[in-house]
Amino acid sequence: MEPKKVEDEAFVTLATDDSYSLGALVLGHSLRKVQTSRSLVILVTVGVSADMRSLLSSVYDLVEEVGEIDSKDEVNLTVLTRPELGVTFTKLHCWRLSQFKKCVFLDADTLVLQNCDELFNREELSAVPDVGWPDCFNSGVFVFRPSDETYKALVQFAEDKGSFDGGDQGLLNLFFQDWATKDISQHLSFLYNMNSNASYTYLPAFQQFGKDVKIVHFLGELKPWKYIVSEGKLMKPSESQHSEDHLQYWWDLYMSHVEPHLQFYQDAPYHE
Ligand code: UDP
Ligand code: MN
């Protein structure tokens, strides 16, 4: 039986092109599979094709067009070695979804393994410590309250102060700068944003707690949709450190729920 829908709360993601949309499609299907009772919303920009939007609307309740916001901060993005992340400022638009009382933002490169609707019991801003610098939160998963006022303050802040990494994470951590010390209930468990490299960096912990993971995050340059499929088998590039089981689950969902609907790509760039 479908769970009763909670109308004023939503999971929200973002895609600025068709490539990240593939991640968003798998994410959306992973949320449906765990029978979330919340709405699914995706913010898209002009870079997402009409065919892709229509496919997105088969799994998302709302496909909302927003304008692109780019930090244009090449200096810090070069330090981060991720020049493409300036557009992640577009994420700020999620605060404008004022038809919802509370939302959980999920990056398009995350994958939900277990129902995590309990996240809606948390307050703005709740998030998981970043593995690289745990005094900062990772902005791939966070709980927030849409508000035009907060949106305006964030945009003003972005103009005045910018972001220390050129992306949304550096900006949001400056804006919510008391997150590290204010309230421990706003620190979410690593299970809600498990960096998929964690099985390599702390294998015993992964063996102990890995089965409880609720959300995996394929953080870094190499996204699951950039892997090569050859004769129906997933080819894992040698530099990949993503945990194999999670990557396989991503691909299983992709092959069963997404790939069959991509006929609109004449050259089929993402699959054989
Ligand atoms: N994103 C996007 N287009 C881009 C880059 C990023 O739509 O060109 C969105 C997408 O939702 C993505 C999020 O911004 O998941 C953050 O970027 P990414 O996940 O690549 O950063 P990482 O988690 O690897 O630091
Ligand atoms: Mn990400």
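These questions and answers walk through a predicted model.

Student: Which residues is V12 in contact with, leaving aside its neighbours within four places in sequence?
Tutor: V12 is among the core residues with the most contacts inside the core. Contact here means C-beta atoms within 7 Å. Setting those sequence neighbours aside, the partners of V12 are V41, L43, C94, L97, C103 and F105.

Student: What are the edge strands of the open sheet of 3 strands?
Tutor: Read the order of the sheet: β5-β9-β8, with mixed pairing. An edge strand here pairs on one side only. That describes β5 (110-112) and β8 (194-195).

Student: In β9, what is the bridge partner of M194?
Tutor: Strand β9 covers residues 215-217. β8 and β9 pair in the parallel sense over 2 bridges. The partner of M194 in β9 is V216.

Student: Which strand gives the largest share of the shell around ligand 1?
Tutor: Ligand 1 has 16 residues around it. Those that come nearest are L14, T16, Y20, D107 and A108. The largest share is 3 residues, and they come from strand β1, residues 6-15.

Student: How many residues of the shell around ligand 1 are nonpolar, polar and charged?
Tutor: Take the 16 residues around ligand 1. The shell divides into 7 nonpolar, 5 polar and 4 charged.

Notes:
Residues numbered from 1 in each chain as written. Chains lettered and ligands numbered in written order. Predicted model: local features only at pLDDT ≥ 70, side-chain atom pairs only at ≥ 80, totals over all residues. Core = buried A, V, L, I, M, F, W, Y, C linked by C-beta atoms within 7 Å. Buried ≥ 20, exposed ≤ 12 C-beta atoms within 10 Å, placed from the backbone. Contact = placed C-beta atoms within 7 Å. Pairing = 2+ DSSP bridges. Helix = DSSP H or I, 4+ residues; strand = E, 2+ residues; numbered from the N terminus. Near = placed C-beta within 6 Å. Nonpolar A, V, L, I, M, F, W, Y, C, P; charged D, E, K, R; others polar.
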